[in-house]
Amino acid sequence: MTSVWPEQASGLEAIEIPDGTLVRMWGSVDESLRAQASAVMAHALVRSGSVVVDADAMEFVDSSGLAFILQLLRAAQEDGRPVVLRDPPTLLLEMLDLLGLSDQVPLEFSTS
């Protein structure tokens with residue numbers, strides 16, 4: 001597993017895992033990450049297997065970051081692939097709840 005943008009305070013990356021793709025998000029996931037979001041989504045969707053979106057290190061998300069997450073999750077689901085949003089921050093959970101999408105996004109929480 002290699003980080004594509006490890007030196008950035010905020011970013012997105014797709015990491016190949018044995019059974020699919022892990023999408024990591026950290027820092028502020030917003031409009032400034034549009035190019036990374038496009039590359040990450042393309043990489044995640046051409047691979048087979050599950051898609052795990054790890055939001056544990058996300059500090060902020062705006063509407064464009066939320067749109068990226070929802071598009072990625074929906075595209076994977078439509079393809080019949082297992083998909084999960086792991087360790088979303090409270091802000092993201094509140095946004096999903098406000099939009100009435102809480103029950104439509106598979107969530108997973110680490111025990112650590």
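The expected span of a helix is taken as 1.5 Å times one less than its number of residues, and helices (H or I, at least four residues), like strands (E, at least two), are DSSP runs numbered from the N terminus. By this rule the 16 residues of H2 should span 22 Å, and the end C-alpha atoms of H2 are 22 Å apart, which agrees.

The model is predicted, so that local features need pLDDT of at least 70 and side-chain atom pairs count only at pLDDT 80 or more, whereas totals for chains, interfaces and linings use all residues. Residues are numbered from 1 along each chain as its sequence is written, and side-chain values use heavy atoms, with hydrogens and water left out.

## Helix H2 and the cores

Within H2, the residues Gly 65, Leu 66, Phe 68, Ile 69, Leu 70, Leu 72, Leu 73 and Ala 76 are buried, where buried means under 20% relative accessible area, exposed over 50%, and partly exposed in between (1.4 Å probe, protein chains only). An α-helix has 3.6 residues a turn, so residues three or four places apart point the same way. The cover over the buried residues of H2 includes E1, E2, H1, E3, E4 and H3, with contact meaning heavy atoms within 4.5 Å.

A nonpolar core is a set of buried Ala, Val, Leu, Ile, Met, Phe, Trp, Tyr and Cys residues joined through side-chain atoms within 4.5 Å. The largest such core holds 29 residues, and Val 23, Met 25, Phe 68 and Leu 92 are the ones that touch the most other members. At least two residues of this core come from each of strand E1 (11-17), strand E2 (20-29), helix H1 (34-46), strand E3 (50-61), helix H2 (63-78), strand E4 (83-86) and helix H3 (90-98). H2 supplies the largest share of this core, seven residues. Once neighbours within four places in sequence are set aside, the contacts of Met 25 are Gly 11, Leu 12, Val 53, Asp 54, Ala 55, Ala 57, Met 58, Phe 68 and Ile 69. Apart from this core there is a second, separate one of five residues, which includes Ile 15, Ile 17, Leu 22 and Val 84.

## The largest pocket

On a 1 Å grid over the protein atoms alone, a pocket is an open set of points where a 1.4 Å probe fits, with protein on both sides within 12 Å along at least five of seven lines, and lining residues have an atom within 4 Å of a point. Grid points are joined across faces, edges and corners, and a volume is the space filled by probe spheres set on the points. The largest pocket has a volume of about 230 Å³. Its lining consists of 14 residues, and those nearest the pocket centre are Arg 34, Ala 37, Ser 64, Phe 68 and Gln 71. Both H1 and H2 supply at least two residues of the lining, and H2 gives the most, with five residues.

## Individual residues

Asp 87 lies in the loop between E4 and H3 and, at 14% relative accessibility, counts as buried. Not counting residues up to four places away in sequence, Asp 87 touches Ala 55, Asp 56, Glu 108, Phe 109 and Ser 110. Most residues other than glycine have a negative phi; Asp 87, although not a glycine, has a positive phi of about 50 degrees. Just after H2, Gly 80 also takes a positive phi, of about 75 degrees.

Gly 20, placed in strand E2, counts as buried at 1% relative accessibility, and its contacts beyond four places in sequence are Ile 15, Arg 47, Ser 48, Gly 49 and Ser 50.

| Pair | Apart in sequence | C-alpha to C-alpha |
|---|---|---|
| Asp 87 and Leu 107 | 20 residues | 7.5 Å |
| Glu 16 and Ala 44 | 28 residues | 8.3 Å |
| Ser 63 and Val 29 | 34 residues | 9.2 Å |
| Gly 20 and Val 83 | 63 residues | 9.7 Å |
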